[in-house]
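Look at the sequence and the fold below. Then read the short report that follows.

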Amino acid sequence: MSSAFFFGYGSLVNRLTHGFAPAHTARARGWRRAWRWTEARDVAFLTAVPDPDCEIEGLIAPVPPDGWAALDLREHAYDRLDALHSVTHEAPGVEQLAIYAIPPERIFAPDARHPVLLSYLDVVVQGYLAEFGVDGADRFFATTTGWEAPILDDRADPRYPRAQRLSDDERHFVDDRLAGLGARKVAA
């Protein structure tokens, strides 16, 4: 088995979006999630930003020796950073652990031309509900900034390439939390 792992804190928490296994729940100290966009993508997405007072939950999973290239391609807008000493977990044999983050000089706040895709957010929250339950999904919302971003309601015709079908309860959960945050959905 590989000793190299990644820490996923967004769509990689949803096991339906990848085949990396075995995955283990984990916590990264000193990081917070933020909605941002970069010139490498047309829409806003999650990145990890340093925050000494925050801790985020996610999954770690091993990367096969030839798997970094595929994962780096999936995460092409990010830099792969060492996170071995900031992530706690129960996985055995972890010798290398990476977190993906957009370099600060390449990130921008979301705007009308670069919204958050609701289909992407749905996938992320579905993963948090499956791995950490309602309380963990609530912690996802609490440890993520940028909720003032416009959220493009693309559920009827998802633009996110790894979109998943949500249950009625999962959709209601996402919608209720967005309403509680005062987030602004815009029509696709």
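## Ground rules

This is a predicted model: local features need pLDDT of at least 70, side-chain atom pairs count only at pLDDT 80 or more, and totals for chains, interfaces and linings use all residues. Residues are numbered from 1 along each chain as its sequence is written, and side-chain values use heavy atoms, without hydrogens and water.

## The nonpolar core

A nonpolar core is a set of buried Ala, Val, Leu, Ile, Met, Phe, Trp, Tyr and Cys residues joined through side-chain atoms within 4.5 Å. Buried means under 20% relative accessible area, exposed over 50%, partly exposed in between (1.4 Å probe, protein chains only). The largest nonpolar core has 63 residues, and F7 and F140 touch the most other members. Helix α2 (residues 118–142) gives this core its largest share, 12 residues. Helices (H or I, at least four residues) and strands (E, at least two) are DSSP runs, numbered from the N terminus.

Beyond neighbours within four places in sequence, the contacts of F140 (heavy atoms within 4.5 Å) include R33, W35, L46 and W147.

## D51 in strand β3

D51 sits in strand β3 (residues 45–62). D51 counts as buried because its relative accessibility is 17%. Leaving aside neighbours within four places in sequence, D51 is in contact with G30, W31 and R32.

## A parallel sheet

Three strands form an open sheet, ordered β7-β9-β10, with parallel pairing. β7 (116–117) and β10 (184–187) are the edge strands, each pairing on one side only. Strands pair if DSSP finds at least two bridges between them. Two bridges join β7 to β9 (residues 150–153). L117 has L152 of β9 as its bridge partner.
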